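Good morning, and thank you for coming. Please look at the structure on the screen while I go through it.

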Amino acid sequence: IVNPKPTTIAVSDYELCDYNTTGDEEEAFDLSTKTTEILDGQVNVDVSYYASPADADAGVNEITTPYTNLSNPEVITAVLTNTI
């Protein structure tokens, strides 16, 4: 049995105001709030978050939430995995 790969969509930007230490351009992001949008109705799919495509490819340094950004703006890589 060959199960299909999960499908990906364009995900909207995740923006927060700099409230914690005003002016440092860092904030704690709860990436799990983007999971429903990323899944786009798919079931039997897990989402993992990584700070770089290289980390995602290697499956290392998975981001846990809350995540404080390292730069501004910053791109986070989401990996979808079929769980079947």
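Is E37 buried, exposed or partly exposed? E37 is partly exposed, because its relative accessible area is 28%; buried means under 20% relative accessible area, exposed over 50%, and partly exposed in between, with a 1.4 Å probe and protein chains only.

Before I continue, please note that this is a predicted model, in which local features need pLDDT of at least 70 and side-chain atom pairs count only at pLDDT 80 or more, while totals for chains, interfaces and linings use all residues. Residues are numbered from 1 along each chain as its sequence is written, and side-chain values use heavy atoms, leaving out hydrogens and water.

E37 has a partner: its side chain meets that of K34 in a salt bridge, at 2.6 Å from N to O. The term requires a side-chain nitrogen of Lys or Arg within 4 Å of a carboxyl oxygen of Asp or Glu. K34 is buried, since its relative accessible area is 11%. The whole structure holds one salt bridge.

Let us turn to the chain. It has two helices and four strands, in the order β-α-β-α-β-β from the N terminus. Helices (H or I, at least four residues) and strands (E, at least two) are DSSP runs, numbered from the N terminus. Of the 84 residues, 23% count as buried.

Finally, consider S71, in the loop between strand 3 (67-68) and strand 4 (77-82). S71 counts as partly exposed because its relative accessibility is 36%. From C-alpha to C-alpha, S71 lies 26 Å from D46, and 25 residues separate the two in sequence.
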